[in-house]
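Here are a few friendly notes to go with the structure below. Please have it open as you read.

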Amino acid sequence: MKIAVYPGSFDPATYGHLDVIRRAAVSFDKVIVGVLHNSSKSPLFSVQERVNILEKATRDVPNVEVKPFEGLSVNLPRENHAQVIIRGLRAVTDFEYELQMAQTNRVLAPDVDTVFLTTSLEYAYLSSTILKEVAHFGGDLSKFAPAEITDAVIEKIRLTADKQISYCHIERTVTEIENKECIYYEAAE
Ligand code: ADP
């Protein structure tokens, strides 16, 4: 059985990620999408939320499984008896880092290969960061991810803004206003 793992942050998944997952699922018997829990980053979604989002978005692909993981990417294929790590390549800017990671992983796990899938052209510009930036400014997200994902992003950003409003109501100081943390509060007044 040919098993591949696809590790990443997926904060949140975009059409670019979903395209890579679907294409990998054609070439491998099983694709395990590993959602990285990285305590040094502060993601928009918790790891479990990102897993739930991806599970929903890939529910029509029977040979895809989504699970959280921590630590080195090479742990993921080892723990799941996979022979291949899938990574997506958008542009030359991705290439240098991805090549270095693939070579490092090869040193750490010589029995595991990295396979790169080049992005479908229509998603070459797309990243989770771009999606979140456009969402923060209320732009149209429909070209970036399915509605169930973009709705979750909009809701999460609204909840985060609400938290900042109540925080600013309690503890409004000049510093907070200068730090723009009270922009939402100012707008609400
Ligand atoms: P990471 O933090 O590991 O880069 P990401 O969630 O940003 O996690 O990306 C996971 C993988 O998906 C990476 O290999 C990345 O290059 C790839 N990827 C991200 N966006 C796209 C896209 N639009 N098209 C193809 N691959 C993509």
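1. Confidence first, since this is a predicted model. In the protein chain, strand β1 (residues 3–8) has the highest confidence, with a mean pLDDT of 98, while helix α8 (residues 183–188) has the lowest, at 41.

2. For the protein chain as a whole, the average pLDDT is 88, and 86% of the residues score at least 70.

3. On to the secondary structure. The protein chain has 8 helices and 5 strands. Starting at the N terminus, their order is β-α-β-α-β-α-β-α-β-α-α-α-α.

4. Of the 189 residues in the protein chain, 41% count as buried. The accessible surface comes to about 10,900 Å², and carbon and sulfur atoms make up 55% of that.

5. One residue I would like you to look at is K132, which sits in helix α5 (residues 128–136). Is K132 buried or exposed? K132 counts as buried because its relative accessible area is 19%, and the cut-off for buried is under 20%. Which residues does K132 touch, once its neighbours within four places in sequence are set aside? K132 is then in contact with D11, P12, L44 and I157.

Conventions
Residues numbered from 1 in each chain as written. Predicted model: local features only at pLDDT ≥ 70, side-chain atom pairs only at ≥ 80, totals over all residues. Heavy atoms only, no water. pLDDT = per-residue confidence, 0-100. Helix = DSSP H or I, 4+ residues; strand = E, 2+ residues; numbered from the N terminus. Buried < 20%, exposed > 50% of the residue type's maximum accessible area, 1.4 Å probe, protein only. Areas by Shrake-Rupley, 256 points an atom, 1.4 Å probe, with all protein chains shown as cover. Contact = heavy atoms within 4.5 Å.
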